[in-house]
Amino acid sequence: MNETLNILDKRRSVRSFLEKEITPEDAKAIKIATLRAPTAGNMTLYSVIEVTDQKEKETLATLCDDQPMIAKAPMVWIFLADMQKWVNYFQEGGSKAKGEQKNLAAWRNPGLGDLHLCLQDAIIAAQTSVIAAESLGIGSCYIGDILENFEQVKTVLNLSSYTIPACMVVFGYKKNQQEIKLTPRCLEESIFMENQYQELHLDQLEAAFSPLEKQRRATNSLPFDNTGSIADYYYFKKHTSDFMEEMNRSTAVMFDHWTKA
Ligand SMILES: Cc1cc2nc3c(=O)[nH]c(=O)nc-3n(C[C@H](O)[C@H](O)[C@H](O)COP(=O)(O)O)c2cc1C
């Protein structure tokens with residue numbers, strides 16, 4: 001295995017960090033690597049907000065389903081889908097006016113296709129930063145709950161019409177680099193499909209998620225006194241949870257904020 005594959009193979013989410021600031025050299029190296037991520041048409045349809053203000057970190061920790069690790073993390077980055085920069089550039093730079101004066105193109109507001117590309121750019125940049133950090137001994141964890149409470153998050157981050165959070169990542173130096181306990185993964189054949197989508201049903205699903213079920217059974221963490229399935233676990237813990245309901249509500253508001261601006 002080469003060094004890159006080795007880094008990918010050993011990565012796991014880290015939620016507790018050394019109390020040590022990320023050095024400016026390491027932060028710079030992660031930024032340079034992140035900037036090398038591909039973006040749609042090389043338009044760089046994303047921005048990154050680095051949260052350095054401790055009070056803001058604490059507010060976000062609360063808004064993101066009360067996860068104190070966010071407030072304790074040395075580096076907190078929020079990756080935004082960002083079409084606002086191009087809206088401003090097209091308008092302030094005169095492209096919109098030229099289109100109208102020369103009858104070349106009518107103005108259109110960014111739509112869902114633009115949003116999809118912006119989200120892709122932001123998430124690809126995020127994962128690039130995660131791997132760059134990992135190569136420097138810096139662990140990280142995505143925070144999905146940045147999708148919650150959009151109204152407040154929007155105010156805290158001062159978001160414009162065509163900017164929405166794609167994802168959030170917290171970073172910090174790992175406490176013990178020797179201790180790497182990897183989480184299980186689904187079977188390869190349940191993920192990679194040839195030519196067309198193959199819908200999975202019960203037998204295949206049970207096989208696909210069996211490594212996850214086995215691990216949870218061994219740690220006594222399945223519902224119904226550990227007799228339930230991995231499907232039961234995710235159904236009750238995630239799918240029917242209050243936070244998932246909030247994420248769905250908040251994301252609908254977020255997408256409206258973009259499409260109805
Ligand atoms: C989109 C996304 C959102 C996530 N949100 C959270 C989160 O809010 N809190 C948390 O502790 N971990 C979060 N994680 C980390 C996952 O729980 C973790 O990636 C998963 O359990 C697999 O473990 P591993 O990354 O250690 O291999 C998130 C991961 C992703 C990709």
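Which residues does Ile 143 touch, not counting residues up to four places away in sequence? I looked this up before anything else. Ile 143 touches Cys 64, Gln 67, Ile 70, Met 168 and Val 170, where contact means C-beta atoms, placed from the backbone, within 7 Å.

**Ground rules.** I am working with a predicted model, in which local features need pLDDT of at least 70, side-chain atom pairs count only at pLDDT 80 or more, and totals for chains, interfaces and linings use all residues. Numbering starts from 1 along each chain as its sequence is written.

**More on Ile 143.** I find Ile 143 in the loop between β3 and α8. Helices (H or I, at least four residues) and strands (E, at least two) are DSSP runs, numbered from the N terminus. Ile 143 has 23 C-beta neighbours inside 10 Å, so it counts as buried. My cut-offs: buried is 20 or more other C-beta atoms within 10 Å of the residue's own, exposed is 12 or fewer, and partly exposed is in between, with C-beta atoms placed from the backbone. I also checked a C-alpha distance: Ile 143 and Val 170 are separated by 7.5 Å, though they sit 27 residues apart along the chain.

**Ligand shell.** Ile 143 turns up again around the ligand, together with Arg 12, Ser 13, Arg 15, Gln 67, Cys 141, Tyr 142, Gly 144, Asp 145, Cys 167 and Thr 183. A residue gets in if its C-beta atom, placed from the backbone, lies within 6 Å of the molecule. I count four nonpolar, four polar and three charged residues in this shell. The classes are Ala, Val, Leu, Ile, Met, Phe, Trp, Tyr, Cys and Pro as nonpolar, Asp, Glu, Lys and Arg as charged, and the others, Gly among them, as polar.

**Core.** The largest nonpolar core has 50 residues, and Tyr 46, Phe 79, Ala 81, Ala 122 and Val 169 touch the most other members. Such a core is a set of buried Ala, Val, Leu, Ile, Met, Phe, Trp, Tyr and Cys residues joined through C-beta atoms within 7 Å. Among the elements that each supply at least two residues of this core are β1 (46–51), β2 (75–82), α7 (112–135) and β4 (163–173). I then listed partners for Phe 79, leaving aside neighbours within four places in sequence: Tyr 46, Val 48, Ala 122, Ile 123, Ala 125, Ala 126, Ala 166 and Cys 167.

**Trp 258.** This residue is in helix α13. I get 21 C-beta neighbours inside 10 Å for Trp 258, so it counts as buried. Not counting residues up to four places away in sequence, Trp 258 touches Pro 110, Leu 115, Tyr 162 and Ile 164.

Thr 44 is not a glycine, yet has a positive phi of about 55°. Thr 44 lies in the loop between α2 (24–35) and β1, and counts as partly exposed with 16 C-beta neighbours inside 10 Å. Asp 65, also not a glycine, has a positive phi of about 60°. I place Asp 65 in the loop between α3 and α4 (69–72), partly exposed with 19 other C-beta atoms within 10 Å.

**Whole chain.** The chain has 261 residues, and 27% of them count as buried.

Notes. Two residues are in contact if their C-beta atoms, placed from the backbone, lie within 7 Å.
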